Amino acid sequence: MCGFAGYINDSKDINENRRIIKEMADRIIHRGPDQDDYYVDEDVSLGFRRLSIIDLEGGSQPILNEDGTKVLVFNGEIYNYQELREELLKAGHIFKTETDSEVLLHGYEEWGDSFLVRLRGMFAFVIWDTVEKKLFGARDIFGIKPFFYFHKGKKFIFGSEIKSFLPNPQFEKELNKDRLPDYLCFEYIPTEQTMFKNVFKLWPGYSFTFKDGKLETKEYFTPKYEIDDTKSAEYWGNLIDETFKGSTKAHKIADVEVGCFLSSGVDSSYVVHEMAKHEELKTFSVGYAEEKYSELSSAKEFAKHEGVQNFDYKITAEDYFTETPMIQYYMDEPLPNPSAIALYFLARLAREQVKVVLSGEGADELFGGYHYYREPLEFEKYMKLPQGLRNFNAAVASKLPKFHGRRFLMRGKLPISQRYIRNNYVYDHSEVDNVLKDKIPSKNPAYYTKKFFDEAGNIDDVSKMQYVDIRTWLIQDILVKADRMSMANSLELRVPFLDKEMLKVAMKVPTKHRITKETTKYCLRLAAAKNLPQKTSKMRKTGFLTPLNDWLKQDKYYNMVKEKFEGEVAAEFFNKDYILQLLENHRAGKAKNMKRIWSIYCFILWYEKFFIDTPDTKAEKTA
């Protein structure tokens, strides 16, 4: 796991380009503190920061092919690299290292861009062809590893994190203010755009080429449900278990010690169980002094059952608020998911012992772990009524005082693409104009998600919801905080549920074996039950709870937030009276505004790091 940066030169001054690319790589030193190296020619500059995991002595990058005509920088892990290496050796390729990096380079030489479908892993990479004067790169099918680029005219800058662009004189740092309404609704930008103008995310499952000032992107993979209704729940439970065992075995490949994150849930426990069968294992858990928000006792109980070491840390309010500004810097874009801060401390704890950890991200999206996936089962019979009747019921219900079932009737007239938006829990679209100082034209959040509902095709509503989450929430939130918080601590995080082979299985499991009226992740729980205590395999999903709701009512932290809400950044972007009232109502217990408050607070902290700190000031030193 590493970080890279690069750009198309606008100057032929080799020494100047070496200085710039080194400064760019230094901005992401946290992604690779073990080693740095560079490639600079008349056309392109490439920089690399290495976290040594495989082939500790020989895995330096940028790496060149045999004749020096192609140069690679790569972030990630290719879990089937050994099989691919054997194929390439038989085809006559000569390897200088034992790394998976070199497999990418020779794979591209041998098979062109078609080699992408052969890869099993998490990755973002770029190959510079010195003969064709062309950049080629790609991102993995889930979006586990990040890839950003700045493109304006013939300017092209790219890297693992946006902050690496800051030292480059070609980079024009400008807030993408038009996306503020989207951020307030979703807590992220739901498209390829970012909070910086002309900076984009390469979409998962896409490759790109850049030549002669022109950028082209190409999709090489799209997930697709191919549900098989002919098999029993037991069949799917057994297949999930068999496939997961293979995935964890592939994900443990490393030349350094590998540990595991451990919460009280079935997903991380399943990972720990499989890893503990192969080797002595260290596990890591975090909680809070406030016991009702802490899962530490359950995690420790399971660790004892498995006979593995468990290291824990209790996060305090002081910890939480002290580190949040720096965490927003590491995020690159504002991300107010409260669980990100806990993940930061969890990664910091793990890094004291290991360089690599496995975690349970992705199981909920692939196998149906969220409680709201059960909602279509409640609507199933009602949605068979004529649309006109449902419209009439909704119209009548909307005019009546609140009663049990009113919300059901009002939402019952809507198709799933309008009824379900995973992340509309921050600000409702109708509220955005009240929050912002100036009105910014914006689209209803359903506009952005409808694309993915349409893409999902003619499948049931539960599968559509999961598909949309895989294409939005998982990419833009879950995996962002997983990558940034682990790499902020120079820790490689691997996610064995988000594996190509696991996805193949998940896309075939019938809905009735994923979600029932009684439980979520039904077949995954069947698989886990073959290995774990019943208490663990049946553990109800709680999410990563946090005491933030309570802390915001305490004088010290209330005043910290209030100071920012009364400050210059808030005055520039937000309706100060409105957001201060949100804070007051929350403190008084009149409303539960924690997510709304935290969303604005995190944006302000992020903005201060990237737009008020001068470009010459390293944010690492000003947190």
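**Figure 1. Packing of helix 23 against helix 26 in the predicted model.** Helix 23 covers residues 555–565 and helix 26 covers residues 594–612. Their axes are 10 Å apart and meet at an angle of about 60°. The crossing in which helix 23 passes helix 26 is left-handed. On the helix 23 side, the contact is formed by Met560, Val561, Lys564 and Phe565. On the helix 26 side, Ile597, Ile600, Tyr601, Ile604, Leu605 and Glu608 take part. Sorted by class, this contact has eight nonpolar residues, two charged residues and no polar ones. An α-helix has 3.6 residues a turn, so residues three or four places apart point the same way.

**Figure 2. Packing of helix 2 against helix 3.** Helix 2 is made of residues 81–90, and helix 3 of residues 100–111. The two pack at an angle of about 45°, and their axes are 10 Å apart. Helix 2 is therefore oblique to helix 3. Helix 2 passes helix 3 in a left-handed crossing. From helix 2, the residues in contact are Tyr81, Leu84, Arg85, Glu87 and Leu88. They meet Asp100, Val103, His106, Gly107, Glu110 and Trp111 of helix 3. Five residues of this contact are nonpolar, two are polar and four are charged.

**Figure 3. Packing of helix 5 against helix 6.** The angle between these helices is about 65°, with 10 Å between their axes. The pair is therefore classed as roughly perpendicular, a class that begins at 65 degrees. The crossing is right-handed. Helix 5 contributes Asp241, Phe244, Lys245 and Thr248 to the contact, while helix 6 contributes Tyr270, Val271, Glu274 and Met275. By class, the contact of helix 5 with helix 6 has four nonpolar residues, one polar residue and three charged residues.

**Figure 4. Burial of helix 6 and helix 20.** The buried residues are Val266, Asp267, Ser268, Ser269, Tyr270, Val271, Val272, His273, Glu274 and Met275. In helix 20 (residues 522–529), the buried residues are Cys523, Leu524, Arg525, Ala527 and Ala528. These buried residues of helix 20 pack against helix 6, and also against helix 5 (233–251), helix 10 (363–367) and helix 21 (534–537).

**Figure 5. The nonpolar cores.** The largest nonpolar core holds 181 residues. Within this core, the residues that touch the most other members are Phe125, Phe261, Phe321, Phe565, Phe574 and Phe603. Helix 26 supplies the largest share of this core, with 13 residues. Apart from neighbours within four places in sequence, Phe574 is in contact with Leu184, Val435, Leu436, Lys437, Ile579, Ile600, Phe603 and Ile604. There is also a second, separate core of 20 residues, which includes Phe4, Val71, Val73 and Tyr149.

**Figure 6. The surroundings of Leu175.** Leu175 lies in the loop between strand 9 (155–159) and helix 4 (180–186). Its relative accessible area is 12%, so Leu175 counts as buried, the limit for this class being under 20%. Leaving out residues up to four places away in sequence, Leu175 touches Met195, Lys197, Phe573, Phe603, Trp606, Tyr607 and Phe611. Asn198 is 23 residues from Leu175 along the chain, and the C-alpha atoms of the two are 9.6 Å apart.

**Figure 7. Asn198 and Lys133, two residues with positive phi.** Most residues other than glycine have a negative phi. Asn198 has a phi near 65° and lies in the loop between helix 4 and strand 10 (199–201). With 28% relative accessibility, Asn198 is partly exposed. Lys133 has a phi of about 55° and lies in the loop between strand 6 (121–129) and strand 7 (134–139). Lys133 is also partly exposed, at 39% relative accessibility.

**Figure 8. Arg49 and its contacts.** Arg49 is part of strand 3 (residues 44–50). Its relative accessible area of 6% makes Arg49 a buried residue. Not counting residues up to four places away in sequence, Arg49 touches Cys2, Gly3, Ala25, Asp26, Ile28, Ile29, Arg31, Gly32, Pro33, Gln35 and Asp36. One of these, Ala25, is 24 residues from Arg49 in sequence, with 6.4 Å between the C-alpha atoms.

Methods: Residues numbered from 1 in each chain as written. Predicted model: local features only at pLDDT ≥ 70, side-chain atom pairs only at ≥ 80, totals over all residues. Heavy atoms only, no water. Axes fitted to C-alpha atoms, helices over the stretch in contact; angles between N-to-C directions. Helix = DSSP H or I, 4+ residues; strand = E, 2+ residues; numbered from the N terminus. Left-handed = near helix turned anticlockwise from the far one by under 90°. Contact = heavy atoms within 4.5 Å. Nonpolar A, V, L, I, M, F, W, Y, C, P; charged D, E, K, R; others polar. Parallel < 35°, antiparallel > 145°, perpendicular 65-115°, else oblique. Buried < 20%, exposed > 50% of the residue type's maximum accessible area, 1.4 Å probe, protein only. Core = buried A, V, L, I, M, F, W, Y, C linked by side-chain atoms within 4.5 Å.
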